[in-house]
Amino acid sequence: MQSLSDNTNTNENLWNEQEIKELILYAKQLEADNEDLRAKMVMMNTALNREEKKVTRLNNIINLITNVKGTNT
């Protein structure tokens, strides 16, 4: 039966220094990509809010026009 320390030593040897560096670089790239996507989502949300306000304004104008025409007939 293997002792805990033997098992730990085996696990430590699974990754070499280059592989660990590559994993760190990959993780950093993923973080950067994630930040870019978050920024795009904020921009898209802002644009969506702007468009929703335009729709609300246009609906109000349509309602005003409809109500004015309805009272004139």
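Select Glu-17 first. At 58% relative accessibility, Glu-17 counts as exposed, because the cut-off for exposed is over 50%. Keep in mind that this is a predicted model.

Lys-21 and Glu-17 form a salt bridge. Their closest N and O atoms are 3.4 Å apart. Side chains of opposite charge can pair when their charged atoms come close. Where do Lys-21 and Glu-17 lie? Both are in helix 2, four residues apart, which is about one turn of the helix. Lys-21 has a relative accessible area of 43%, so it is partly exposed.

**Along helix 2**

Helix 2 covers residues 17-72. The protein has two helices and zero strands.

Go on to Glu-51 and Lys-54. Their side chains meet in a salt bridge, 3.2 Å from N to O. This pair also sits in helix 2. Glu-51 and Lys-54 are three residues apart, about one turn of the helix. Is Glu-51 buried, exposed or partly exposed? With a relative accessible area of 42%, Glu-51 is partly exposed. Lys-54, at 37% relative accessibility, counts as partly exposed. How many salt bridges does the structure hold? There are two.

**A charged patch**

Select Glu-31, Asp-33, Glu-35 and Asp-36. These residues gather on the surface in a patch of negative charge. Zoom in on Asp-36. Asp-36 belongs to helix 2. Its relative accessibility is 45%, so Asp-36 counts as partly exposed.

**A nonpolar patch**

Next, pick Leu-14, Trp-15, Ile-20, Leu-23 and Ile-24. What do they form on the surface? They make a nonpolar patch. Together these five side chains' residues have about 500 Å² of accessible area. Stop at Ile-24. Ile-24 lies in helix 2. Ile-24 counts as partly exposed because its relative accessibility is 44%.

**The whole surface**

The protein exposes about 7,200 Å². What share of that area do carbon and sulfur atoms supply? They supply 59% of it.

Last, look for buried residues. What percentage of the 73 residues is buried? Buried residues make up 0% of the protein. The cut-off behind that figure is a relative accessible area under 20%.

Notes
Residues are numbered from 1 along each chain as its sequence is written. This is a predicted model: local features need pLDDT of at least 70, side-chain atom pairs count only at pLDDT 80 or more; totals for chains, interfaces and linings use all residues. Side-chain values use heavy atoms; hydrogens and water are left out. Patches are made of residues with over 30% relative accessible area and no salt bridge: like charges are joined within 9 Å, nonpolar side chains (Val, Leu, Ile, Met, Phe, Trp, Tyr) within 5 Å. Accessible areas come from the Shrake-Rupley method with a 1.4 Å probe; for residues, only the protein chains shown count as cover. A salt bridge is a side-chain nitrogen of Lys or Arg within 4 Å of a carboxyl oxygen of Asp or Glu. Lys and Arg count as positive and Asp and Glu as negative; His and the chain ends are not counted. The place of a charge is taken as NZ of Lys, CZ of Arg, CG of Asp or CD of Glu. Buried means under 20% relative accessible area, exposed over 50%, partly exposed in between (1.4 Å probe, protein chains only).
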